[in-house]
Amino acid sequence: MSEILVTGATGNVGREVVAQLLAAGNAVRALARDPESAELPSGVKVVGGDLSEPDTLEGALTGSETVFLIWPFLTVEGAPAVLEAIARHARRIVYLSSSGVNEDAERQTDPINQLHADMEYLIEKSGLGWTILRSNTIASNARGWAEQIRTTHVVRGPDIAATAVIHGRDIATVAVRALTDDGHAGAKHVLTGPQVLSRADQVRTIGQAIGRTTRFEKVPLQVAREQMLADGRPPALVEALLASAETRPESSLITSTVEEITGAPARTFRSWAEEHAGDFR
């Protein structure tokens, strides 16, 4: 049986993809820079490799006909070489993109959406069979607020346009279908949660899950920049995140794609907050 290779396997979505593939009886291998510290379930073959060094991927790709790709960088530099390596072994790729990508725009609204648009273009030219999963804001991003909520019950940061936040488990379930079912070849699935939520809505929902009054306090971009840099975030990432906060347009988009593909309604942000309440107490 050909093994499905999962990149980003130690992240929130990647771990769930690995777990669901295993539960469905698939042979799975997970790419990790440090296999010894990956802490993935028994039954998955953890293989060493680094997307920033395409020459390290050959061993991981040998015997894998299908790849789940999460691109962890802010530019597509290096992506052509990675896709060439994948194409030497695999026949299909499933890529986790952004619902903010606008195919009709010459340039995207912010650097993160531009990155995903550029990756989609390269993947479509790669010669591989492909499926694109255009995900809305992922609920697990809220974990970045955990310390503020635990210590002050107030989240201070730049605001960003409200979106239909999606549970990572729903992304993973759709990804598993796309990885194991040929019926998704050439599809671009836009995945959202069932409700459009602002950052203030999310923080308030987390508070309800932990039995505390919590609130979001918007701060000016320059104040946010100084704090994020002081926290040790890479300058390029800080600028990309702040550009998203400043320029990303409002979106009322809610799709039924999760339910159409999985047979179950998309999970709410409240359900995610209740599952992870311990992170915020």
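Helix packing and buried glutamines in a predicted model

Author: In this predicted model, the axes of helix 3 (residues 79-87) and helix 4 come within 10 Å and cross at roughly 35°. The crossing of helix 3 past helix 4 is right-handed, and the residues that make the contact are Ala 79, Pro 80 and Leu 83 of helix 3 together with Met 119, Leu 122 and Ile 123 of helix 4.

Reader: What makes helix 8 and helix 9 roughly antiparallel to each other?

Author: Helix 8 (residues 221-230) and helix 9 (residues 235-247) pack at an angle of about 150°, with their axes 10 Å apart. Angles over 145 degrees count as roughly antiparallel, and the two helices are therefore described in that way. Helix 8 passes helix 9 in a right-handed crossing. On the side of helix 8 the contact is made by Leu 221, Ala 224, Arg 225, Met 228 and Leu 229, and on the side of helix 9 by Pro 235, Val 238, Glu 239, Leu 241, Leu 242, Ala 245 and Glu 246.

Reader: Why is Gln 114 called buried?

Author: The relative accessible area of Gln 114 is 9%, and buried means under 20%, so Gln 114 is counted as buried. Gln 114 is found in helix 4 (residues 111-124), and a polar atom of its side chain lies 2.8 Å from the backbone nitrogen of Gln 108. Not counting residues up to four places away in sequence, Gln 114 touches Arg 107 and Gln 108.

Reader: How do you know that Gln 202 is buried, and what is Gln 202 in contact with?

Author: Gln 202, which lies in helix 7 (residues 199-210), has a relative accessible area of 8%; the cut-off for buried is under 20%, and Gln 202 is therefore buried. Leaving aside neighbours within four places in sequence, Gln 202 is in contact with Trp 145, Val 165, Leu 197 and Phe 269.

Reader: How do you know that the span of helix 1 agrees with its number of residues?

Author: At 1.5 Å a residue, the 12 residues of helix 1 (residues 12-23) should span 16 Å, and because its end C-alpha atoms are 17 Å apart, the two values agree. Helix 1 is followed by Gly 25, whose phi is positive, near 85°.

Reader: Which residues of helix 1 are buried, and what do they pack against?

Author: The buried residues of helix 1 are Val 13, Gly 14, Val 17, Val 18, Gln 20 and Leu 21. These buried residues pack against strand 1 (4-6), strand 2 (28-32), strand 4 (66-69), strand 5 (92-98) and helix 6 (168-180).

Definitions and conventions. Residues numbered from 1 in each chain as written. Predicted model: local features only at pLDDT ≥ 70, side-chain atom pairs only at ≥ 80, totals over all residues. Heavy atoms only, no water. Helix = DSSP H or I, 4+ residues; strand = E, 2+ residues; numbered from the N terminus. Expected span 1.5 Å × (residues − 1). Buried < 20%, exposed > 50% of the residue type's maximum accessible area, 1.4 Å probe, protein only. Contact = heavy atoms within 4.5 Å. Polar contact = N/O pair within 3.5 Å; in protein donor to acceptor, adjacent residues only side chain to side chain. Axes fitted to C-alpha atoms, helices over the stretch in contact; angles between N-to-C directions. Parallel < 35°, antiparallel > 145°, perpendicular 65-115°, else oblique. Left-handed = near helix turned anticlockwise from the far one by under 90°.
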